[in-house]
Amino acid sequence: MEQKIMDQLKEVMLEASLLMPEQISSNLAFETKDINSLVTEVDKNIEKFLVDKLQTIIPGAGFIAEEGTADVRGDVFNWVIDPLDGTTNFIHGIPAFCISVGLLKNSEIILGSIFEFGRNNYYTALKGGGSYLNGSRIRVSVTKEMNDSLLATGFPYYDFKYLEAYLGTFKEVMQHSRGIRRLGSAALDMAYVAAGKFDGFFEYSLHPWDVAAGIVIINEAGGKVTDFKGGENFLFGKELLASNGNIHGKLLSIIKDHFK
């Protein structure tokens, strides 16, 4: 059943990607939902398309969607949708944004799909079935030492209550790694961890739609995902640490020292 759903989801995701304008424009009209939280008609159109199509794949499934197109919870299945992760990049003409869709069965994420615009990269994972990029199997990196790692993060842009803790973490991580990147899309950061491009990723003030697909894609690629305490409250807990597993303990120790 899950494989059939995944096959149907792929068709829907690729159709949805066609709603993206061919040229990225820095003159795009947008609305401000909250401080530094932006939305365009493209976000809304893609989300509406996804909701309309996905509810035919699993009748009765609920939706947890960023732009609120559908806000009905299903008894068993719930789609978790970010129609355009990296909207600010999109508005500014920076080619780092994607569609991210995950599926919850009860409280477990059973599949995830991320489509990266610009590069037409399609990341997928089915629980128990491995992770794939454009049909080819992917695995997390084999980096063993923190000092040899390349990491990703997201800078706080509206929730500054943990700013000092974050800056302390950032400073220490910067001193014990090859570098830190900030793409501006948590979903892409996680896809890149799964593909072995990044060795780890951490961020707070995240939402379920930012991370749902990435969680299963990283797990199925052999990586590890926890919250900042080392627990499992990462889908709705607004904080997430993901890695190749080898450097997870060191990264977690640093985060714990600062996020007390």
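Some ground rules. Residues are numbered from 1 along each chain as its sequence is written, and side-chain values use heavy atoms, with hydrogens and water left out. Because the model is predicted, local features need pLDDT of at least 70 and side-chain atom pairs count only at pLDDT 80 or more, while totals for chains, interfaces and linings use all residues.

I'll start with the sheet. Helices (H or I, at least four residues) and strands (E, at least two) are DSSP runs, numbered from the N terminus. Two strands pair if DSSP finds at least two bridges between them. Here 7 strands form an open sheet with mixed pairing, in the order E3-E4-E5-E6-E7-E8-E9. Strand E3 (62–65) and strand E9 (136–138) are at the edges with a single partner strand each, so one side of each has no neighbour in the sheet. From one strand to the next, the twist averages 20 degrees. E3 and strand E4 (residues 77–85) run parallel and are joined by 4 bridges. For Gly62, the bridge partner in E4 is Asn78.

Next, the helices on the sheet. Axes are lines fitted to C-alpha atoms, for helices over the stretch in contact (heavy atoms within 4.5 Å); angles run from 0 to 180 degrees between N-to-C directions. Helix H2 (residues 41–57) lies across E3, E4 and E5, at about 155 degrees to E4. H5 lies across E4, E5, E6, E7 and E9, at about 100 degrees to E6.

Now H4 and H7. Their axes are 8 Å apart, and the helices pack at an angle of about 145 degrees. Which residues make the contact? From H4 they are Ala165, Gly168, Thr169, Glu172 and Val173, and from H7 they are Leu251, Ile254, Ile255 and His258. Buried residues (under 20% relative accessible area; exposed is over 50%, partly exposed in between; 1.4 Å probe, protein chains only) in H4 include Tyr166 and Phe170. Strand E10 (150–153) and helix H7 (248–258) are among the elements that cover the buried residues of H4.

Last, the cores. A nonpolar core is a set of buried Ala, Val, Leu, Ile, Met, Phe, Trp, Tyr and Cys residues joined through side-chain atoms within 4.5 Å. The largest has 38 residues, and Ile114, Tyr123, Ile215 and Leu240 touch the most other members. Elements giving two or more residues to this core include helix H5 (186–194) and helix H6 (208–220). Another core, of 34 residues, lies apart from it, with Val12 and Phe63 among its members.
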